[in-house]
Amino acid sequence: MRHLHDEYRQRPACWVYKTGDESGKPLLEIRFSASQSYPAPSEKDADGSKVRYHVGLYAQVGRDGADLFFQCPTRAASKDAYIGDTKYVKAELYSDNAQLHGDSAVNDRMMILNSVSREVAREAGCASKAGLPTAVPNP
């Protein structure tokens, strides 16, 4: 939680690789950051390439990843932090569309991101405010 307020490249990332994959490309990359705001909800974007979920404050899945914003007040570690104190956390999951297969890839992305986000919210002491369900509802 201490790096939520750092610049993007200074924040730690979690990379997940397929067993036996020698390509060097992760199956998933997950990052968290402090956020001053979150996008306005909409069911789908204009061209239908993103699917909105009723998880947290705002959640969407697109072709190569997912975003999830949830309420979780955080304090910057210092006055020199890239971003100051915030009310929200943004969770990002990147997964190359070519890496995931099947009819459930969109739902799988959101289930994974929601699950990891629930644990982050629990560790940060904001699970009751985060609005992250144990099971992801259908879009």
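**Sheet, helix and a single disulfide**

Strands β2 and β6 run antiparallel and are joined by seven bridges; strands here are DSSP E runs of at least two residues, helices are H or I runs of at least four, and both are numbered from the N terminus. One of these links pairs alanine 34 with valine 89 in β6. The model is a predicted one, where local features need pLDDT of at least 70, side-chain atom pairs count only at pLDDT 80 or more, and totals for chains, interfaces and linings use all residues. Residues are numbered from 1 along each chain as its sequence is written, and side-chain values use heavy atoms, with hydrogens and water left out.

Zooming out, β2 and β6 belong to an open, antiparallel sheet of six strands in the order β1-β2-β6-β5-β4-β3, two strands being paired if DSSP finds at least two bridges between them. At the edges sit β1 (14-16) and β3, each pairing on one side only. On average, neighbouring strands are turned by 20° against each other, direction ignored. Angles run from 0 to 180 degrees between N-to-C directions, with axes fitted as lines to C-alpha atoms, for helices over the stretch in contact. Helix α1 lies across β2, β3, β4 (58-62), β5 and β6, at about 15° to β5; contact means heavy atoms within 4.5 Å.

What about sulfur? A search of the whole structure turns up one disulfide, defined as a pair of cysteine sulfur atoms within 2.5 Å. Its partners are cysteine 72 and cysteine 126, with sulfur atoms 2.1 Å apart. The link is left-handed, at -90° about the S-S bond. Cysteine 72 lies in strand β5 (residues 65-74) and cysteine 126 in the loop between α1 and α2 (127-130), so the bond ties together parts 54 residues apart in sequence. Both cysteine 72 and cysteine 126 are buried, meaning under 20% relative accessible area, with exposed over 50% and partly exposed in between (1.4 Å probe, protein chains only). Cysteine 14, by contrast, is partly exposed at 41%.

Serine 95, in the loop between β6 (86-94) and α1 (105-124), counts as buried because its relative accessibility is 0%. Its side chain reaches the backbone oxygen of leucine 27 at 2.9 Å. Beyond neighbours within four places in sequence, serine 95 has contacts that include Arg63, Asp64 and Arg109. Proline 39, in the loop between β2 (28-35) and β3 (51-53), is partly exposed at 30%. Leaving aside neighbours within four places in sequence, proline 39 touches Tyr58 and Phe69.

Terms used. Polar contact = N/O pair within 3.5 Å; in protein donor to acceptor, adjacent residues only side chain to side chain.
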